[in-house]
Each structure stands twice: as C-alpha cells, then as structure tokens.
Amino acid sequence: MTFDVAGSAARAVHDRSAAWRFIESFAATWTEPIGPQDGWSRRELAEAEDRLGVGLPEALKEALALFGKRPEVTSNHDRLLAPAELRLDREILVFRSDQWVEAWGVPLAGDDPEVLVRTDSQDKYQYPWKPWMSRFSLACVELVLTMAVFGDGGETADRERSDADVPLLEEHFTLLPLNNPLSRWFVSDDVIIREDDRAWLWACARTPEAFELLTTRFPGAWER
C-alpha cells in the first residue's frame, strides 16, 4: 500500500477535513488503521467543556474524537492531552505538552484556531506564548509526523546534520508546507525527515529497504 505523503499534506494546508484524511491514511499505511475505539466520546468532550466552563474549538473536538486514544500516533514524545487533562492558561487552551519544557495551546475563538507554543515552567507567566502554526488541524499533521520520527521502531534514527545534507534533502525529498519556528519537514512516500533548527536530523522509514536507501544517500553516524 502506498500513500502520497507530500500531496496529502499539501491538501491539508487549507482544509481541516483533508488534515484528518491525512492522519487516517498515514496511520493505515505506516502503523495501524484508526478505528472507532481510538477516539474520545462526545460525552467525554462535553464533560471537559463543563469542567473548563468554555466551548472547545471544533477542530480540537474532531481530533480527539478521531485519534485521541492512539498514543503511538499522538503521545510517544510530546503528548496530546486527554479531555480530562485539558487546561486553561488565561485565554489559551493548552492541548499538548512536552514532558520537559514546552506547552502548546490555542485561543478559544474560531473553529480551527492558530496554535501557540510556550516554554513551560513553574512560573507559567515567565515566558510568553509565541506563534507555532497557522491552524490547529495542520499542527495535528505535524504532531503525527513528529511522533513517527521520535518512535521506538526499528526504522527510526537520528544524527547531526552536515552542510552537505541540505542540497541532498532538497534533491531527493519534497519539502512539506508544515514549517514552524523549530523545524522543516522533508518526505518521500517511504521516508520522513525532520530537520531541526539545531542542525539535527530525525528520520523514519516505512520499510527496512527504505531505511537502507536513506543511510546510503545520507551516510553518517545515525543513532537507532
């Protein structure tokens, strides 16, 4: 089974339903298909709204109802929070958390609002919220890809990026329109590469053959 990662991601840029189709197709091709049991119920989402005293953005509810219970898709590094864990930071709804330093949130206005990021700390107002991505649904596409390259599977690896890697990335892979302040994404149908701003590459291949081709094109001290 093949999946046009680049084309599907491009369609997700302006259409949140296309973002959910991307995530469903990606899961079916790279891990396991998403099933009815993989999302939170509307009752559980309504309980979160009652607890917080606000309405959740529609895109957030759609995401949690579709794949919110799939930890290998949403939570093997950063975590997409469960309905009971969602929290308010003044006017920002926090929906994603890093185990160490970051929190992601959305304003409460709009069906598919922009996503903000903040360095998390005990003094939560020490650091301001900063722009991350233009739409929540698009940030979910980025989240799913992040979980793939940070997974524990045998076809994931990372290493320091060299100057020679940059033209090779642009030659052999498609740059996705998912850029945020910290990373760029390059893909083929069988390989995903995240280039971090700290000059580091994170890669995931769908098959052992694709991983072997990756390390041939990009030789170096890959850590698996």
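In this predicted model, strand E10, which covers residues 191-196, pairs with strand E11, which covers residues 200-205, in the antiparallel sense and over six bridges. Within this pair, arginine 194 has tryptophan 202 of E11 standing opposite. Both strands belong to an open sheet of five strands, whose order is E7-E11-E10-E9-E8 and whose pairing is antiparallel. At the edges of this sheet lie strand E7 (156-160) and strand E8 (174-175), each of which pairs on one side only.

Strand E3 spans residues 92-97, and six of its six residues are buried, so the strand is largely enclosed by the rest of the structure. The pairings of E3 are set out below.

| Partner of E3 | Sense of pairing | Bridges |
|---|---|---|
| E1 (residues 79-80) | antiparallel | two bridges |
| E2 (residues 87-89) | antiparallel | three bridges |
| E4 (residues 102-107) | antiparallel | five bridges |

Individual residues show how these pairings are arranged. Serine 97 in E3 stands opposite arginine 79, and serine 97 also has a bridge partner in E4, namely alanine 103. Valine 94, in E3, is the bridge partner of arginine 87. Between E2 and E3 the chain forms a hairpin with two residues between the strands, and in this hairpin arginine 90 takes a positive phi near 60°.

Where does threonine 74 lie, and is it buried or exposed? Threonine 74 is found in helix H5, which consists of residues 71-74. With a relative accessible area of 0%, threonine 74 falls under the 20% cut-off and therefore counts as buried. Its side chain makes a polar contact, at 2.9 Å, with the side chain of serine 75. If the neighbours within four places in sequence are left aside, threonine 74 is in contact with Phe67, Gly68, Arg79, Leu80, Leu143 and Met147. Two residues in that list, Arg79 and Leu80, carry the numbers of strand E1 (residues 79-80), the strand that two bridges join to E3.

Conventions
Residues numbered from 1 in each chain as written. Predicted model: local features only at pLDDT ≥ 70, side-chain atom pairs only at ≥ 80, totals over all residues. Heavy atoms only, no water. Buried < 20%, exposed > 50% of the residue type's maximum accessible area, 1.4 Å probe, protein only. Helix = DSSP H or I, 4+ residues; strand = E, 2+ residues; numbered from the N terminus. Pairing = 2+ DSSP bridges. Polar contact = N/O pair within 3.5 Å; in protein donor to acceptor, adjacent residues only side chain to side chain. Contact = heavy atoms within 4.5 Å.
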